[in-house]
Structure formats: structure tokens, C-alpha cells
Amino acid sequence: MGSATIPGRREPPYGPRVNIAVPLIAALLATTVQAVPASAREGCGPLRVPGAAHQELTHLDDLSTAGGRTDPADWAGLTPAGLPAPTPVAGTQVDGYFPDSSTGNTNNGWAHDSQFVIRLPRRWNGGLVVTGSPGVREQYANDRAISDFALARGYAFAATDKGNTGVTFHRDGERPGDAIAEWNHRVTQLTRAARTVVAQRYCRPPSRTLATGISNGGYLVRWQLENHPELYDGGVDWEGALWSARGPNLLTFLPPALAGYATGDRAAVVAAGFPAESEFLWPFHHQHYWDLTQRIYREELDPGWDGATEAGTPFCAPGTPLCDADYDYASRPAAQRAVARIALTGRIGRPLLTLHGTLDALLPITKSSDAYADLVRAAGRGHLFRYYRVEGGTHVDSLYDAFPDRLRPLTPCHRTAFAALEGWLAGARPPASATVPRPAVVSATECALA
């Protein structure tokens, strides 16, 4: 998809890019990693990413974030400080981009969106992990949280920037919803291409393809398993965003939260969906996330309602003409039609494990994953679904470092859930859906789902 300026859209007065966001059950669920035969190391021909406009191959002694080709700024803040150092993994990395006319992503010196990274470990377990970036980050955003872990388990890994990046992502496309629709297209495109590259590298296609992601990346997992289950064997959704035409979605709960916070109406913020126990997180989220997130997604889905403030003022008071705190999604049929284009249905076609923190102060659990779990069950797909509500988890794990006495990191819970998915696909049923209590002693490396 190309990039176009939509009539009526203004340059938003946003500052620099703000990124939205164990020992495992090893004996039972560990993935066996075997050395690739010499013939496979040589490959079955040149590595060429189908459909790519440009690609670069790098052979590395370490593909991990400790020594590989990555961008630490892209994954900053998504994992706890106490996460163990990654295991060095030798292999080949392919960086490149697909044809696209938008230019927000400047990684690798390329002013080009639809960038991707594919990592091919020397010692391969036969599987492939595919992910899309959280928030409006770029293709390296999942490197510390997911790529390091997947590579250490022997998986090939592929990630995409989703086709548009940064707080002006909404300028990509010709009509409301186009930019988010492109996210889904780019993950599908990369999955197909990465499966081919894996076959080129190891002389056979992947025996297992798994989708996983954080926040917007979790939304992408859900959408892929609903719309392209033929490409995947299963997925793990980490606090995925919910887009529902009827609601809830972030355009229904962020405006009343903004209004309530600005007027000191704590009850209004709680009524919007944010748990009272998360109040200590509200100042940070109000300053960095709530207003910005509401504006950029409203610009994407309802550009005809322009609530931007003048002269770069970051917030506006309720009652100010065209203030996003006054936005009323229920009265905006055009926005509802745009959301319907990208909406989730719950009709997953492959096993899915969802985890979400009960103290998420950006995508509140009752308005996000609780509601998605209801969709899955209503669609008759509950047998393919497990849902873990993690007490004390919030949206970005770096906040655990600031509040270790109140929060717990979700990174180790994701790793346990991933191992549980591996076991499920091998015939071992995962723990039943449940609320996972916060332990008396919280660890950055351990998380039990049962």
C-alpha cells in the first residue's frame, strides 16, 4: 500500500515518537534443537525474499540483541531490566523491504516502510516465528522480548514494521482504516515470504509456523489466526488491542478517561475501564500515552473529526471545541465503518493463547482481552483458546522496574505461554484459562500459568 495525504488531515502537534507499547516447564515443553546437516548449511540455492524490493544478507556469529544487527531504541522499555542476557546464536540475517511508497522508517539508512528482518539460526529446530511490531515501532521492536527467546529455542524468526511507522502512520493510505489494514497485509506477506526463505535455507519448509506479538502485534496475531489460519499452526497474543465496530475499542474508552483525568473525576476514569488499582500509573499514561494514542488512531479512523489542539499544545480541556476528550465514537458512523474494516470476530482457526495484565493502564483488560475472549467463545472457538489474566501485569514491562512492589513483568509469562503452545501442538493440553495471581516474590524470569 502506498502513502497518501488524506484531505482534511493536518500535521498533528505531536513531539518525538512515543512508543506504545523462568525457568520454563522445560522437561515437558522444550523444543529439541538439532544441528542442520552440512547440505542444508549450504542451502538449496540463493536466499531471495519473494516480492522484496531490496534485501541484504549478513552472516553473524550472534543474531541476538547482544551482538547482532538491531536497533536498541526500537525495543527500549518493553522488557524488565532483570531479564537474563540472551544466548548467542550464530546464523544468517536478511534485512530488506517490500515495495511501498511511504517513507517513515529510516532504519538501515533506508527512508522506506515495509521493512522486515528474517533471522536463520545455524542450529534450527524446524520452526518459524513471525511477528509484527507493537505500537508504531519498527521491525526490530520485538528483538529483545521475542527474537532472542525464539532464536535460543532454535526457531527462525521474521518481523515486519507493518508497512507504516511513527505517530504520523495514519497518513499512509487513501481512506480511513487503510494504514491499519496494511498492517495485516504486511504480516501475511512476510509470513509467506519467510516460509519460502526458510525452505531455501534449510532445504525444507518449516514444520511449524507460530505467530506472536505484543499490543498491536497481539492484534495482528488474532487477525491472522482469524483470516489466514492456513499459514500458521498457532499463536500467542500478548495484550493485543481489540478493534470492534460496536466497541469496545480505544476510541470508546480513551476519551472519557482523558476527560475524567483532566477534571479530577477518578470515578469517570474507572468507569471508562481503567481499574482503580492502576491509579498510580495514570499520571505516566496521561502524559505519554492517552492523548497521543487517542489522537493518532482517531486521525486514522475518523479524520473528519479534527480534535487537534493549536500551537502544539499537548492536551486540551474537556469542553474545548474539537477536543479529543469530547470525542463520541457512538455518534460517528463513519468511524464505525472504518473500524469494521479492521475488526476482529473471534473466529480463530488455530490454537491461540492470550495473556493480559490486570493493571494494564493503556488497553484496560476489561475493554480489551476480556471482551475478545467473549468474542472467541461466542464464535464457538473456545476449544482453540486459552486466556490468562495476569494479576499485576501492565502494558510495558519497564514500569515493573519503577514499581516492583506493585507490578510484575509479562515477559516471563509470554515465554511460559509460548512453551505451553509448543506443548499443546505436541499433544499436551495447556493449563485452563485462569486469573494468574501475583506471587509474593516477583521474578523477572519466572511465571507459572497454573
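Helix 5 is mostly covered, with 20 of its 25 residues buried (under 20% relative accessible area, using a 1.4 Å probe and protein chains only). The model is a predicted one, in which local features need pLDDT of at least 70 and side-chain atom pairs count only at pLDDT 80 or more, while totals for chains, interfaces and linings use all residues. Residues are numbered from 1 along each chain as its sequence is written, and side-chain values use heavy atoms, leaving out hydrogens and water.

Helices here are DSSP runs of H or I with at least four residues, and strands are runs of E with at least two, numbered from the N terminus. From its first C-alpha to its last, helix 5 reaches 36 Å, close to the 36 Å expected at 1.5 Å a residue (1.5 Å times one less than its number of residues). Just after this helix, C203 takes a positive phi of about 70°.

What does the largest nonpolar core look like in numbers? It has 86 residues, and those with the most contacts inside it are I118, Y219, W243 and W290. Such a core is a set of buried Ala, Val, Leu, Ile, Met, Phe, Trp, Tyr and Cys residues joined through side-chain atoms within 4.5 Å. Helix 5 (residues 178-202) gives the most to this core, with 11 residues. Apart from it lies another core of 32 residues, V89 and C447 among them.

E239 lies in the loop between strand 9 (234-238) and helix 7 (250-263). E239 is buried yet has no salt bridge (a side-chain nitrogen of Lys or Arg within 4 Å of a carboxyl oxygen of Asp or Glu).

Note on methods:
Buried means under 20% relative accessible area, exposed over 50%, partly exposed in between (1.4 Å probe, protein chains only). Lys and Arg count as positive and Asp and Glu as negative; His and the chain ends are not counted.
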